[in-house]
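Please read the points in order with the model at hand.

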Amino acid sequence: MKKRVIAVVLILVMVLALAACGKKNNDPAPSGNGGGTPVEGGEIVVGVTADLDASLDPHVSSSSAGTREVLFNVFEGLVKPDSEGNMVPAIAESFSANDTADVYTFVLRQGVKFHNGNEVKASDVVYSLSRAAGLETGEPLVSDVANIKAVEATDDKTIQITLGTPDAEFLAHVTTAIIPEGIDPNTECVGTGPYKLTSRTVQESIVFEKNTEYWGEAAHLDKVTLKIIDNAETLVMSLKSGAVNMATHLIASQVNELPDMNILEGSSNAVQGLYLNNQFEPFTKIEVRQALCYGIDKQEILDIAFDGHGTLVGSSMFPAFKKYFMDELTNHYEYNPEKAKELLAAAGYPDGFEFTITVPSNMQQHVDTAQVIVEQLKKIGVTAKINQVEWATWLEETYRGRNYEGTIVSFDAHGVAASDMLARFQSDNSKNISYFASEAYDAKYKEAMSTTDDAAQTAAFKECEKILTEEAANVYIQDVASFVALSKGYEGFKFYPLYVCDFASIYKVAE
């Protein structure tokens, strides 16, 4: 029976692998990965639009996608994803589960060292997962492992994890970082990954150097410098001048200005939407939320703001999650401004209303989307104003503080589990930025998480997606096309089916 449970998880990740890299199957091979002869060593400067979280504690910073994306190179869990979407052994060399999927056993890999030179011990794993799950405090730091009831070392290389409720997807959640017991993770950034952090100047730069004692395949480049550039135009200019060698998450209008760089196209593997504060009047009314869904032309957003690039969605699931993605929800609300006006009138807003869309100013794709939406909503009598704020302000006030009316952003998955995209919409979930509350949703989500039957779980998750669409929790727009610009002379970049950037795969090529 152990093999059956693990097989369920592996089926999940293998299905993901079919759509893994985000790159469309009919796209030509991307430039920049032409198979040049790798040259070991060297360095690269990467432009990023936002600084990492103030604290690089991996258990605290897990809510910030940009921070998680970068710290993927520094920290590792018991398992980790590869570029094909498979969960592969990392600090653990093997794993198994009982027949009810509520007890998981991991055998640790021998000889794995932290960046401080100390070997990883079973006690470090127990400490890390207990801390992340909040077993002593009662307050989990990482929601992915909040279901952990107990963690114990049964011997010096075996870890047993007991869950509060069965979870056949749990393997996708033990990517949670393992850190040394006894350090202060707020001031010491110590992991086991292929790169280690060596210096940081807040709002300016972050430097990583190759971990020469890495247990796995070593990184090619000796040094990676992240240069913080929070202005989109300045970033493009820096790429043109050669001051920056690489940037990710660019949009079509930006890469069109970079004819001398290698450009790779993939997907963000995230759901961009107009996320609505369901506690803000008039978004408390389903008819109003549905009116916005009818009043926003998603295809026009792609055509105007993204040169037609991107993939439309209709719920909180992106196409790389092929097993769960429901394309039939994409056009559940076909653009219909007259229908939108009827719904507004029925809800008591025949003359429309005003609201503010708060957008992180450093993310051009969301600013551009907001500008198109403002013009579209005028046609149904709704006046939307754009409030551009710095990323740190958005993160603190909009995301954590919930002080907003509407916002445009993309939400990604922490791992390769459907629950990563759907958990946040439970009425009592701490990450429920929309304050969406639906008894039907809560019940169906609970049903999905309480079964180890793969078909039943898949069906329940899809019902959750339908409820989000039908009750118009938010206006789900697209999985934004994600472009990477890479200076000529560098190759090896890999797209992943989740929000990470693997610096270790990049290398310089012989001239």
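1. Basis of the note. This is a predicted model, in which local features need pLDDT of at least 70 and side-chain atom pairs count only at pLDDT 80 or more, while totals for chains, interfaces and linings use all residues. Residues are numbered from 1 along each chain as its sequence is written, and side-chain values use heavy atoms, with hydrogens and water left out.

2. The sheet. Four strands, in the order β5-β6-β8-β7, make up an open sheet with antiparallel pairing. Its edge strands, β5 (92-97) and β7 (148-155), each pair on one side only. On average, neighbouring strands of this sheet are turned by 20° against each other, direction ignored. Helices (H or I, at least four residues) and strands (E, at least two) are DSSP runs, numbered from the N terminus; two strands pair if DSSP finds at least two bridges between them. Axes are lines fitted to C-alpha atoms, for helices over the stretch in contact, and angles run from 0 to 180 degrees between N-to-C directions.

3. Strands β6 (residues 103-108) and β8 (residues 158-163) are joined in the antiparallel sense over five bridges. Within this pairing, Val 107 stands opposite Thr 158 in β8. Helix α3 (residues 122-133) packs on the sheet and touches β6, β7 and β8, its direction making about 175° with that of β7. Contact here means heavy atoms within 4.5 Å.

4. The whole structure contains 14 salt bridges, each being a side-chain nitrogen of Lys or Arg within 4 Å of a carboxyl oxygen of Asp or Glu. In one of them, Asp 412 is joined to Arg 68, with the closest N and O atoms 3.1 Å apart. Asp 412 belongs to strand β18 (residues 406-412) and Arg 68 to helix α2 (residues 65-71), so the pair ties together parts 344 residues apart in sequence. Asp 412 and Arg 68 are both buried (under 20% relative accessible area; exposed is over 50%, partly exposed in between; 1.4 Å probe, protein chains only).

5. Salt bridges within helices. Glu 375 and Lys 378 form a salt bridge with their closest N and O atoms 3.1 Å apart. Because they are three residues apart in helix α9 (residues 364-378), about one helical turn separates them. Glu 375 counts as partly exposed at 44% relative accessibility, whereas Lys 378 counts as exposed at 51%. In helix α13 (residues 454-470), Lys 466 and Glu 463 also lie three residues apart, about one turn of the helix, and their side chains meet in a salt bridge (3.8 Å, N to O).
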